[in-house]
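Please have the sequence and the structure at hand while reading.

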Amino acid sequence: MSNGRTEAEQRLPFPVLIADIGGTNARFAIVIDSNAEPKRFEPIKTADYPTLDAAIQQVVLDKTSILPKSAVLAVAGPTDGDEIDLTNCHWIVRPKRLIAELGFSDVMVMNDYEAQALAVVALDAEFLEPIGGGERITHANRVVIGPGTGLGVAGIVHGSNTWIPVAGEGGHVDLGPRTERDYEIFPHLETIGGRVSGEQILCGRGLVNLYKAIAQADGRPVVFSRPEEITAASFDGSDTVAVETVQLFIEYLARVAGDMALVFMARGGIYLTGGITHKILPVIDADRFRAAFDNKEPHRNLLEQTPVFVITHDQAPLEGLSAYARMPARFGVDTSGRWWRED
């Protein structure tokens, strides 16, 4: 395992396999050199493959004559140790085994939201849809937030001509009631350790948690048990509880996004991603979102100046990983304890 690396030592041998491994889905591509577009492969469900090694073999190596020499893996979970357990996924990442059995010379592992943070620097404007106003300051701090299987949060800060991703567990901050309606709903929310975290509402299971709480607060039957059922009933207006659930989900997401904007002084923007964000994008009311986002007295003026974007690229983390693979020195990614090299 590596400790600190010089700029030369950070260079990855091409071709580079890049992978975005979430709790539900995994996506792979190969970066052939510093100029070519990545060669992408079909996204897969992690549940369909017994191990990461089997997935790489069947989805990538068996489908191309290109033999990657190194790998950069973005995984949903902590990235320390020779055996890396993934959050919400049965796979275990064993970099030493990947080197020994699949022929890699180098394997580097980062958190999946570090890759998302790299993407907000790498993506072109065409893949960023603004919500309301605000003006992005080019080299100011940025934050990416993604409700999906869980609630991912990461920052990326600029210093010494380098973009430095900052991963953490921001999705587990407290989320509390503010309005009279909130106080009716929150007593019915399922808690963890007696508290409501952002992820208890702002993810797939959180959407179901919120839906059930609203139904119980109003004495209504709980009809749906899956997030896709709730969003579908919200879009067609067939269930008023589902409609309110999605609208409050968006409002609570805006509140947490505003909190993160303050934590990071994110004048470079807040970037929303994740499977649920993409699904509910058509029903996001920009005015209602910005009202909740901006309502951070005594710093309303700061929030009003902070832009918010929805990332519309369907494989944004791979764009971030590709940018890193091409030019690692552009990014201040901490590789200590997360880079394995062939003996």
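In this predicted model, Thr306 has a relative accessible area of 2%, so Thr306 counts as buried, the cut-off being under 20%. Thr306 sits in the loop that runs between α10 (300–304) and β14 (308–311). Residues up to four places away in sequence aside, Thr306 touches Gly133, Gly134, Ala261, Ala266, Arg267, Gly269, Ile270, Arg290 and Phe293.

Ile270 has its own set of contacts. Leaving aside neighbours within four places in sequence, Ile270 is in contact with residues including Val143, Ile145, Ala257, Met260 and Thr306. Ile270 is also one of the residues that touch the most other members of the largest nonpolar core, together with Ile145, Ile201, Leu210, Leu272, Phe289 and Phe293. The helix that gives the most to this core is α7. In soluble globular proteins, nonpolar side chains tend to be buried together.

| Core | Residues in core | Members, among them |
|---|---|---|
| Largest nonpolar core | 49 residues | Ile145, Leu210, Ile270 |
| Another core, apart from it | 34 residues | Val16, Ala115, Phe331 |

Helix α5 covers residues 204–217 and reaches 20 Å from its first C-alpha to its last, close to the 20 Å expected. Because ten of its 14 residues are buried, α5 is largely enclosed by the rest of the structure. Leu210, Gly204 and Tyr211 are among these buried residues. Their cover includes α4 (180–185), α6 (227–235), α7 (240–264) and α8 (275–280). After α5 comes Gly219, with a positive phi near 70 degrees.

Methods:
Residues are numbered from 1 along each chain as its sequence is written. This is a predicted model: local features need pLDDT of at least 70, side-chain atom pairs count only at pLDDT 80 or more; totals for chains, interfaces and linings use all residues. Side-chain values use heavy atoms; hydrogens and water are left out. Helices (H or I, at least four residues) and strands (E, at least two) are DSSP runs, numbered from the N terminus. The expected span of a helix is 1.5 Å times one less than its number of residues. Buried means under 20% relative accessible area, exposed over 50%, partly exposed in between (1.4 Å probe, protein chains only). Contact means heavy atoms within 4.5 Å. A nonpolar core is a set of buried Ala, Val, Leu, Ile, Met, Phe, Trp, Tyr and Cys residues joined through side-chain atoms within 4.5 Å.
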